[in-house]
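Trainee: I've got this model open on my screen and could use a guided look. Can we go through it piece by piece?

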Amino acid sequence: MKSQATTICCLILILATEYSQSRFHIRAKDGDKLQGPERKPKTGRTQEKCHGPCSTSSNCSQPCAQHFHGEIGFICNGNKWQKSTETCTSLSVETLFMDSNSASRLSVAAPSITLHILDYQTPEPIRSVAQGIQKNCPLDYACIINAVKSSEATSGNIAFIVELLKNISTDLSDNVTREKMKSYSKVANHILDPAVIPNWAFIPDKNVSSDLLQSVNWFARQLHIQNEPEHIVDEFFIQTKGFPINNNTSERSLRFSMSLNNTVEGILGIIEIPRQELWKLPPDASQAVGIAFPTLGAVLKEAHLENTRLPRLVNGLVLSVILPEKLEQILFTFEKINKSQNARAKCVGWHSRKRRWDENVCETKLDTKNRVQCRCNYTNVMVSFSILMSPISVDNKVLDYITCIGLSVSILSLILCLMIEATVWSRVVMTDISYMRHVCIVNIAVSLLTANVWFILGSNFNKKAQDYNWCVAVTFFSHFFYLCLFFWMLFKALLIIYGLLVVFRRMMKSRMMAIGFAIGYGCPLVIAATTVAITVPGKGYVRRGACWLNWDDTKALLAFAVPALVIVAVNLIVVLVVAINTQRPSIGSSKSQDVAIILRISKNVAILTPLLGLTWGFGIATLIEGTSLIFHIIFALLNAFQGFFILLFGTIMDHKIRDALRMRMSSLKGQSRVAENASLSPTYGSKLMNR
């Protein structure tokens with residue numbers, strides 16, 4: 001009996017040892033390249049891709065390599081099989097705690113123990129992780145670190161580790177100590193390595209990245225800070241700091257500097273709690289905890305992202321902050337990862353319930369080439385913040401040169417236009433219609449000239465620190481005077497109708513002037529003021545990074561685009577009606593002068609209206625994300641040279657103005673000759689001598 005028991009004991013020992021060695025062999029082999037921050041974790045391996053014909057949108061799957069569970073999915077794209085999903089995992093509950101339990105499992109060899117002891121190999125559900133940690137390492141959670149760090153960073157293992165951290169945050173977040181936070185962060189750090197980031201794309205569940213962020217934030221919320229500032233976690237790809245605060249604490253800040261790819265130079269991130277916010281706290285001590293992620297932003301997937309075809313790129317650290325509920329506003333400083341000139345920034349907060357970035361909770365205080373300062377609102381669902389690279393902001397030297405040269409030409413052209421109008425005014429305003437026509441030209445030139453001045457002020461102001469109220473003023477006056485340009489064009493079309501319809505023939509000039517100014521300045525004032533009143537309270541009037549009407553949040557730009565494009569359409573219809581009516585024989589010779597004026601106005605409107613409409617049509621096209629640079633260049637050209645177009649087609653190409661200008665010049669030359677002849681005459685000389 002004793003020999004039989006000994007045989008059974010030996011058998012158990014041999015089987016358990018072989019099982020442990022085989023498992024250890026896998027971990028050692030996989031972990032050889034995972035020991036330091038310079039490692040490149042391997043992806044899930046498969047022997048070969050799918051066989052058979054590859055047709056569009058068809059898919060297939062292959063089993064994972066040996067020692068992995070799950071499968072790899074492929075989709076046909078361009079007649080080639082491309083990897084789409086992967087669930088290969090080598091981790092399980094038993095592998096997490098195998099080293100911790102091996103000694104106890106081998107020590108049970110006794111005559112009373114039968115072979116069913118080997119039933120521990122049966123896979124357990126992931127919810128049993130909590131019991132395993134409580135049994136093996138309840139004080140620091142360190143017993144799971146080696147198994148995780150020695151595993152291959154396949155997509156399946158990443159999903160497993162996120163679920164592991166999620167369960168720890170849910171079931172084991174009571175009384176989180178510094179040691180527990182360190183172990184928790186070591187596990188998270190393993191799947192945030194830059195070499196691992198590409199593998200996140202093949203995880204079927206696209207909410208895994210937001211689950212990781214929410215789990216870390218929730219676990220850190222239960223962390224207890226001592227009486228002194230603490231540098232709690234200092235991993236390569238996740239850092240945690242904290243300090244105690246109360247209503248007597250001076251302004252406090254948490255400063256992070258983290259590398260993206262193991263280089264010496266780090267990316268800066270600063271969390272600041274303003275003094276006025278700390279005053280809201282009770283005298284009892286509280287705490288603030290900050291967490292920084294340099295690589296998590298690359299894998300955060302937004303859910304239900306509307307009106308966006310391209311992903312919004314995170315251009316800084318993701319900073320999470322855990323504060324007392326009474327604190328509402330925080331200041332952030334983000335260093336830009338991409339420091340190119342076109343990397344305009346948007347301050348955003350991550351909405352944990354909606355699983356997407358929210359631009360409405362943050363305000364951009366400063367946007368320079370290297371850094372961005374943000375003021376953000378803190379809530380229970382908004383504890384993580386970062387900056388996004390704006391996909392529609394184009395800042396190119398070519399555009400700068402075009403705008404600078406074009407605006408200079410435009411302003412000089414408009415000034416010349418006003419000088420010509422002043423010179424020939426008395427010779428070209430013979431009738432009421434011609435008088436009002438030139439009133440329109442003058443006001444169009446004045447409106448565009450003023451709008452260009454405000455545009456220059458806004459452009460130069462964008463390069464400096466932004467003051468919101470000043471930016472609102474710049475945007476309002478730019479909006480107002482650009483609208484005036486279009487509404488005076490509309491009044492030009494109404495003048496054409498006036499010349500054709502008998503009912504308006506006896507209207508007094510003063511009434512026509514009143515109608516003109518009501519349409520030309522009154523309507524734009526109503527539209528611009530209404531837009532401000534509706535959108536400013538919600539900080540949705542101006543765009544972030546530019547003093548112009550907002551598009552992304554409130555669509556305030558429609559208050560300019562809709563009236564402008566409607567006026568373009570109306571003017572073109574009026575020109576078409578005039579072209580038809582002027583062919584009728586019913587227009588007699590008594591109206592020949594008015595008809596000639598109407599035709600000149602129509603030609604002017606017919607040329608300028610498409611130019612203005614085309615200009616702002618390209619302007620609207622530039623708002624579409626991913627628009628080619630050529631659209632921005634065309635818009636810059638047309639927009640910058642509008643003043644030159646008005647001078648050319650509204651003034652110089654009008655033969656009446658040219659004739660009046662020649663007569664004026666001849667008159668001036670004649671007067672100069674008379675004065676010169678008079679000065680040379682003997683009579684004039686004798687008069688001078690007699691004096």
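What follows is a chat about strands, helices, aromatic rings and one loop lysine.

Mentor: Before you ask, this is a predicted model, where local features need pLDDT of at least 70, side-chain atom pairs count only at pLDDT 80 or more, and totals for chains, interfaces and linings use all residues. Residues are numbered from 1 along each chain as its sequence is written, and side-chain values use heavy atoms, with hydrogens and water left out.

Trainee: Is strand 12 largely enclosed or left open by the rest of the structure?

Mentor: Strands here are DSSP runs (E, at least two residues) and helices are too (H or I, at least four), numbered from the N terminus. Buried means under 20% relative accessible area, exposed over 50%, and partly exposed in between, with a 1.4 Å probe and protein chains only. Ala345, Cys347, Gly349 and His351 point one way, Lys346, Val348 and Trp350 the other, and all are buried. Seven of the seven residues of strand 12 (345–351) are buried, so the strand is largely enclosed.

Trainee: Which residue of strand 16 stands opposite tryptophan 350?

Mentor: Two strands pair if DSSP finds at least two bridges between them. Opposite tryptophan 350 you'll find serine 384.

Trainee: And in the hairpin of strand 12 and strand 13, which residue takes a positive phi?

Mentor: Strand 13 (residues 356–358) runs antiparallel to strand 12, joined by three bridges, and histidine 351 has arginine 356 as its bridge partner there. Four residues lie between the two strands, and the one with a positive phi, near 55°, is arginine 355.

Trainee: What about the three-strand sheet: why is one side of strand 1 and of strand 3 left without a neighbour?

Mentor: The order is 1-2-3, again open and antiparallel. Strand 1 pairs with strand 2 (residues 71–77) over five bridges, with asparagine 59 facing its bridge partner isoleucine 75. Strand 1 (59–63) and strand 3 (80–86) stand at the edges, so each has a single partner strand.

Trainee: How are helix 7 and helix 8 oriented to each other?

Mentor: Two packed helices are described by the angle between their axes and the distance between the axes. Those of helix 7 (residues 178–190) and helix 8 (residues 208–221) come within 11 Å and cross at roughly 170°; axes are lines fitted to C-alpha atoms, for helices over the stretch in contact, and angles run from 0 to 180 degrees between N-to-C directions. Under 35 degrees counts as roughly parallel, over 145 as roughly antiparallel, 65 to 115 as roughly perpendicular and the rest as oblique. The two helices are therefore roughly antiparallel.

Trainee: On to the rings: what class of pair do tryptophan 454 and tryptophan 470 make?

Mentor: The structure holds 21 aromatic pairs, meaning Phe, Tyr or Trp rings (the six-membered one for Trp) with centres within 6.5 Å, stacked under 30 degrees between planes, edge-to-face over 60, and tilted for the rest. In this one the centres are 6.2 Å apart and the planes at 45°, so the pair is tilted.

Trainee: Last one: which residues is lysine 539 in contact with, leaving aside its neighbours within four places in sequence?

Mentor: Lysine 539 is in the loop between helix 13 (509–535) and helix 14 (558–581). Its C-alpha is 8.5 Å from that of glutamate 363, 176 residues apart along the chain. Taking contact as heavy atoms within 4.5 Å, lysine 539 touches Glu363 and Tyr468.
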